[in-house]
Amino acid sequence: MSDRVFRRAELVLAFAAGLSVSLLMLLRSCLSNDQLNLMAHGWVFLRLGEWIHYGNPTSAGGSAPGGLTSLFVGAPLLIWPHHRAATALIWVFHLIAFVLLDRLVARAAGPRARFFFCLLYWLNPWRLYYSSFLWNPNYLFLFGALHASSAWRLRERARFLPSMVQALIAGGPAAVFRSQEGAEDDEREGVRAIARARAGAGDV
């Protein structure tokens, strides 16, 4: 067996092992508080057509951002009305993320690095765990991979599509056109914000 065939075989075996373990964990996943909140967003969107523009309740009060949660949870329920359908989308997101990052590693570090990347990332117990249940941060693996992949393509010159991907990941038009660099360091605006909030010494 040639060295190239051996490297490809060990990569395929490592990838298949990670895929199988995460799928088994997905099939054994269950629901708890956060998952029930996310499922409620999906069912409301699916059955009532109501878009809930916020995420899960937080321990500090209020709700976390997460308007896309309704779509990410609700759309898979059209195909399979089961809570594991929404988790299966996370599993697919992780699969796509690996493909993107694997291609990036092959270009940046050469084909020999792909196997070590597969061991360190794809077979990482932390990643396996977060690919197997419904939770907001578990979707971010794909967006992180899209960011890394598009940033790599922009390293030498500007490109339209990778730039669009970067803008969408950053938050779309609101982040690109209405954000203000250094706003958190504006001392005068900070003083005005404190005055508007009527904050006093007892609030610190």
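Okay, so before anything else: when I say a residue is exposed, I mean its relative accessible area is over 50%, and buried means under 20%. Keep in mind that this is a predicted model.

With that in hand, look at the cysteines. Cys30 has a relative accessible area of 57%, so we call it exposed. Cys118, on the other hand, sits at 0% relative accessibility, so that one is buried. And for anyone wondering about disulfides, the count is zero.

Now the overall picture. The chain has 204 residues, and 29% of them are buried. The accessible surface comes to about 13,300 Å², with 64% of that belonging to carbon and sulfur atoms. As for contacts, take the ones between residues at least 6 apart in sequence: 63% of those join residues at least 24 apart.

Which residues of the largest nonpolar core touch the most other members? That would be Val73, Tyr121, Leu134 and Tyr139, out of 29 residues in that core. Several helices each supply at least two residues of this core, among them helix 1 (3–27), helix 5 (113–122) and helix 7 (140–153). The largest share comes from helix 4, which puts in ten residues.

Let's zoom in on Tyr139. Leaving out residues up to four places away in sequence, Tyr139 touches Phe72, Val73, Ala86, Leu89, Ile90, Phe93 and Leu134. As a general point, nonpolar side chains in soluble globular proteins tend to be buried together.

Methods:
Residues numbered from 1 in each chain as written. Predicted model: local features only at pLDDT ≥ 70, side-chain atom pairs only at ≥ 80, totals over all residues. Heavy atoms only, no water. Buried < 20%, exposed > 50% of the residue type's maximum accessible area, 1.4 Å probe, protein only. Contact = heavy atoms within 4.5 Å. Areas by Shrake-Rupley, 256 points an atom, 1.4 Å probe, with all protein chains shown as cover. Disulfide = S-S within 2.5 Å. Core = buried A, V, L, I, M, F, W, Y, C linked by side-chain atoms within 4.5 Å. Helix = DSSP H or I, 4+ residues; strand = E, 2+ residues; numbered from the N terminus.
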